[in-house]
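The sequence and structure are shown first.

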Amino acid sequence: MRKSGERFWASVTLTALHDQAGRLTGYAKLTRDITVSKRVELQERRRRTVLEMMLSDAPLSATLQAVLQGLPDQGVGLTSAVLLKPASASSLILAAQQPAAGAWQSLLSAHPLDTADPWADWLQSAQPFLLWGPDPQDPAWCMAARQALGVQTLLLWPIGPRGAPALGVVVLGVSDPTQERTALAALAQEAADLCLIIVQRARSAEAQALAASVYQALGEAIVVTSAAGEIQALNPAFQQLTGYRTEALQSLPLKDLAEDSRESAWWARLWQSLETTGRWQGEVRTRFAHGEVRPQWWMISTIEDEQGTAQKRLLILSEVTDKKRAEEIIWREANYDPLTGLPNRRLFMDRLVQALKRAQQGREGLTLMLIDLDHFKSVNDQWGHEAGDVVLQTAAQRLLACVRSTDTVARWGGDEFTVLLTGAEDAARAGALAERMVASLSEPIAWEAERLNIGASIGLCLAGSSPDDAERLLSHADQAMYQVKRAGRGGFRFYAGEDDLSASLTKAHKA
């Protein structure tokens, strides 16, 4: 949970910590926010599930239910329903609800959502109706819904094309009022868009027109083939992307679109994967109309009947650049601190291990710094987390200004930073740099009308003054840093061995 109260997806890694004798002393916890990548993953999974259900002619109610079941709760108390406007009735009809057995039926029995006033104009305009908290001016149905469902936030998102009367409405209720509004609105819109495709397909009589409507609404380049891989249909997005028309590819084998299929062994492996798992995805050099060949990301899935026999294959194309962009986002989330933009503990450790290997080969020197911000807890306690965030961001920028582009500054966690100096490093240069860092971090930090005062205690360890092991190097830098803390803070100290932390290379400056 963020400090704002908003819940988020996270990946948590626990690393065992040991003392010099190898005894377990505790654990280091690394938490990284993976909300963006998780939302992309869940969105893709929901869309694929619904598309496959539609192409396999699943019942309308089951497909709508799948849309709601796919919405992520994330512990915010999410309840949802799909209400459809019937051809001849005065109230919207409950078509799906999540949880499946809940209070929705009771609510609508006691308080029907009428298609007449005051909702008639709203259904005609098809504009979202968002209520973020209780308000005496809210419509009576919304107040009844809050009480019956036990929610604070209500979102009513129309099911219908823009500018056209709504066919129904997706209703989301959330008991946690701290949920991010933008993400919640995006969730409601996505559910309404999928429901529109489903309802339009169910109400259409022409199967071919239905499929085209589905493909066009999804906006993704899609090819439908037989179970054997013969092309049967292309959607408009595919035709626009590749320049092909349906008649040009009708009944041709799917592999004719793949330049890579010239290698028969490659296509054989792809098809074996399809027949074994029902799915395949990967980068494929794709033949476009007029002879152009461009890399595309292929995602192929199999539509099966009730007996599990393959009936159709579904190919979805996307630009490789889009996938790479998503991968870059995921990689950055895994390796960088979102607050300061600095490398996180994971990326720092990777760079430290690589630098140690080069140092062991005699190719370059190495100095490790562990920096603890003095008085940070006092700032946080007195002025709050917003002030603390500004201090951490400012400290990060000041540390970056002190080092070279070849050095690494990372946020180790909390109010601690690490610095990796590589190249022809010696105690004199490292000491001068540490002194400059202490002076820079001692300068007041402006926040609103206040001037926040912190400092820094820095422990340093030169590779070669201890066994060249990353964990031990960090432990020794940590010991040196705590010697500075004990000496009064606001300075730096080199690690000089277990028995003599005040040897000739040791130096401390009191604030």
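## Terms and model

Two strands count as paired if DSSP finds at least two bridges between them. Strands (E, at least two residues) and helices (H or I, at least four) are DSSP runs, numbered from the N terminus. The model is predicted, and local features need pLDDT of at least 70, side-chain atom pairs count only at pLDDT 80 or more, and totals for chains, interfaces and linings use all residues. Residues are numbered from 1 along each chain as its sequence is written, and side-chain values use heavy atoms, with hydrogens and water left out.

## Strands S18 and S19

Strand S18 (residues 455-462) pairs with S19 in the parallel sense over 4 bridges. Ile458 has Phe492 of S19 as its bridge partner.

In a regular strand the side chains alternate between the two faces of the sheet.

## Hairpin of S8 and S9

Strands S8 (residues 221-226) and S9 (residues 231-234) run antiparallel and are joined by 3 bridges. Val223 stands opposite Leu234 in S9. The hairpin has 4 residues between the strands, and Gly229 takes a positive phi near 100°.

## Helices H14 and H15

Helix H14 (residues 385-402) packs against helix H15 (residues 427-442) at an angle of about 150°, with the axes 10 Å apart. Axes are lines fitted to C-alpha atoms over the stretch in contact, and angles run from 0 to 180 degrees between N-to-C directions. The two helices, H14 and H15, are therefore roughly antiparallel (over 145 degrees).

Technical notes: Parallel < 35°, antiparallel > 145°, perpendicular 65-115°, else oblique.
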